[in-house]
Amino acid sequence: MRSAVVVGAGVGGLAVAGALARSGWQVTLLERAERVRPEPTAVVLWPNGVRALQALGLGAGLAAIATPLPDGGVRRPDGHWLVQPRAIPADRMPVVVHREDLHDALIAGLGERVELRTGVTVRHVRVEPGERPAVSDGRQTIEVDLVVAADGTDSGIRRQLAPESRVVSSGSAAWRAVIPWYQAPRLPDDQPLAGEILGAGYRFVAASLGERGSSGGSTRGGIYWVATAAGAPRPEPPETQLALLRRWYAGWPAPIGALLDATDPADLIQQEVRELRPLPRAYGFPAGPGGVVLLGDAAHAMPPHLGQGACLAFEDAATLASLLREARLPDAVQAYDRIRRPRAATVVRQTRRMSAVLQARGRLALRARDAALGTINSRLLSSAAASAAQWRPPT
Ligand SMILES: Cc1cc2nc3c(=O)[nH]c(=O)nc-3n(C[C@H](O)[C@H](O)[C@H](O)COP(=O)(O)OP(=O)(O)OC[C@H]3O[C@@H](n4cnc5c(N)ncnc54)[C@H](O)[C@@H]3O)c2cc1C
């Protein structure tokens, strides 16, 4: 039986570990945390992410927890429309999912055949021409046919195999929360909730997770919001961070103020926005009869402006699983590298263009941005949406 070690039990690691086990691999999943736990926030899945989960055999579970996200357009803080909302066909509409629901679906997908070991920090990977690949935590070495490095943005395996790729700050911080329905403000029917609002270095997006009072859709319903602001993460406690957010977003369109007021500080998640520069020169490293691959944020951490990080991790997992069904192992590792690098580079390029638009500061830059945004942003969003809609897992 072919054997694999997956390092990291984030969404990417969980997805690929389950897929390999379901194809008959013996899988060990190593996670450095003592417990495998998702953040209590949500994630937007574009059609490519949904299609990848379907290819992984997780489509039915997803349908039960996902809420469709209609296009809400893009507005300025004064309410002026930069990009008008458009009607999107149902098969191209992104969905929003509570991360805890997604996590439950991924855990259910592991089945009985994945050995999950928590509290294990991988410190070294062995990639030698004549030897099977292996990982070690400094005490124990596990030798397998395939190592999947799904150990996130700060991946130690990537640092070892692709040291040219560095983690850098993208110059902003992000705050997210889900306000459960029982705490969420009641909004007038004509008030748009979904959609994006862009100011000078600031961005706010909100979406509904399921419907108030409905048992359908997400099992953990509420209103999800994410705010991004230029600058470093704040060292203050969450109560003060929320007070700062209220100040920064004062005067922005309703219901932003009401959403910030209704957010429990204990539910606030703050994160520095970081990315890899440059991207690793390779995603696949043949070793002996097998090899090592980089997957998810370990391979292509990027700012969240297009909501593609987790979607690409699922694409990586679906692609790898499909290649391993069709090809011999070292060939599959090389094919994975050939297929995934240009794909990730395209999405990272689109995300960086979006970052440049978002980071326009200063009066002149803003005026130029506002003038250009209607066209640039709608073109950019359309090309990102088109590339998300067009992606198919390899057959
Ligand atoms: C504000 C924000 C909003 C976002 N919104 C979206 C969105 O709407 N849509 C979308 O698609 N994406 C979104 N993303 C991106 C998405 O969250 C990530 O791309 C995704 O979670 C990456 O998953 P991963 O499994 O690759 O990495 P991670 O989730 O980081 O998992 C890595 C795991 O590896 C473990 N680990 C690390 N080192 C070791 C080691 N040495 N040994 C063992 N275990 C180790 C870690 O503990 C962790 O559990 C967003 C990101 C941010 C910051």
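**Reading a predicted chain: loops, cores and burial**

Analyst: Pro255 lies in the loop between α6 (238-248) and α7 (256-262). The model is a predicted one.

User: What kind of peptide bond joins Ala254 and Pro255?

Analyst: The bond between Ala254 and Pro255 is cis, with omega at about 10°. Most peptide bonds are trans. Another cis peptide bond links Arg277 to Pro278, where omega is about -10°. Pro278 sits in the loop between β17 (269-277) and β18 (284-287).

User: Why is the chain called as compact as a globular protein of that length?

Analyst: The chain is made up of 11 helices and 19 strands. Its radius of gyration is 21 Å, and the globule rule gives 21 Å for 395 residues; the two are close, so the chain counts as compact in that sense. The C-alpha trace spans about 65 × 45 × 45 Å along the principal axes.

User: How many of the 395 residues count as buried?

Analyst: The share of the 395 residues that count as buried is 53%. A residue is called buried because its relative accessible area is under 20%. The accessible surface of the chain is about 16,900 Å², and carbon and sulfur atoms account for 51% of that surface.

User: Why is Gly152 called partly exposed?

Analyst: Its relative accessible area is 21%. Buried would need a value under 20% and exposed a value over 50%, so Gly152 is partly exposed. Gly152 is placed in the loop between β12 (146-149) and α5 (156-161). Leaving out residues up to four places away in sequence, Gly152 touches Arg158, Asp297 and Ala298.

User: What makes Ala345 partly exposed?

Analyst: The relative accessible area of Ala345 is 28%. Ala345 is part of helix α10 (residues 329-358).

User: What makes a group of residues a nonpolar core, and which members of the largest one touch the most others?

Analyst: A set of buried nonpolar residues is a core because side-chain atoms within 4.5 Å join its members. In the largest nonpolar core there are 77 residues, and Leu45, Leu146 and Ile157 touch the most other members. Helix α9 (residues 309-326) contributes the most to this core, with 10 residues. Apart from it lies another core of 24 residues, including Trp225 and Leu259. In soluble globular proteins, nonpolar side chains tend to be buried together.

User: Which residues is Leu45 in contact with, leaving aside its neighbours within four places in sequence?

Analyst: Leu45 is in contact with Val50, Leu53, Leu62, Pro94, Val95, Val97, Cys311 and Phe314. Each of these pairs is called a contact because heavy atoms come within 4.5 Å.

User: Which residues of helix α4 are buried, and what do they pack against?

Analyst: In α4 (residues 99-108) the buried residues are Asp101, Leu102, His103 and Leu106. The buried residues of α4 pack against α1 (11-22), β3 (42-45), α2 (47-55), β7 (95-98) and α9.

User: How many contacts between residues at least 6 apart in sequence join residues at least 24 apart?

Analyst: The share of such contacts that join residues at least 24 apart is 75%.

Note on methods:
Residues numbered from 1 in each chain as written. Predicted model: local features only at pLDDT ≥ 70, side-chain atom pairs only at ≥ 80, totals over all residues. Heavy atoms only, no water. Helix = DSSP H or I, 4+ residues; strand = E, 2+ residues; numbered from the N terminus. Rg over C-alpha atoms; globule rule 2.2 N^0.38 Å. Buried < 20%, exposed > 50% of the residue type's maximum accessible area, 1.4 Å probe, protein only. Areas by Shrake-Rupley, 256 points an atom, 1.4 Å probe, with all protein chains shown as cover.
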